[in-house]
Amino acid sequence: SADDMSGWKKAVAKPVATKQKYPRSAISREIEGRAKVRLTVSADGAITAHEIIEPTGEKVLDREIPKLVNRLNPLPALPAGQAEFSFLLPLNWRLD
């Protein structure tokens with residue numbers, strides 16, 4: 001159900017927040033960026049595919065995206081009845 005999916009999306013937001021790293025070289029050069037990545041997840045939560053839909057345009061940040069996907073894999077298992085799910089993950093690197 002949609003409720004289950006919204007709970008799942010919330011459960012996914014947590015590891016993204018903790019596992020997204022800010023490359024040191026980007027911090028020292030004050031590079032910020034936004035990206036969008038499409039992730040495809042199987043029923044058990046394994047990330048089966050990722051596609052950078054919108055790169056940051058900053059090599060140092062864009063190189064971090066596949067590393068983040070590897071660190072996130074696997075995500076929580078999908079709610080019962082969901083075989084596969086594809087969604088857009090917005091990523092933000094911002095200096096405070």
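A polar contact is taken here as a pair of N or O atoms within 3.5 Å, where, within protein, one must be able to donate a hydrogen and the other to accept it, and residues adjacent in sequence count only if both atoms are side-chain atoms. The model is predicted, so that local features need pLDDT of at least 70 and side-chain atom pairs count only at pLDDT 80 or more, while totals for chains, interfaces and linings use all residues. Residues are numbered from 1 along each chain as its sequence is written, and side-chain values use heavy atoms, with hydrogens and water left out.

Thr 56 lies in the loop between strand 2 (47-54) and helix 3 (59-62), helices (H or I, at least four residues) and strands (E, at least two) being DSSP runs numbered from the N terminus. A polar atom of the Thr 56 side chain is 2.9 Å from the backbone nitrogen of Glu 58, and the side chains of Thr 56 and Asp 62 are joined by a polar contact of 2.7 Å. With a relative accessibility of 17%, Thr 56 counts as buried (under 20% relative accessible area, with exposed over 50% and partly exposed in between; 1.4 Å probe, protein chains only).

Ala 43, in the loop between strand 1 and strand 2, counts as partly exposed at 36% relative accessibility.
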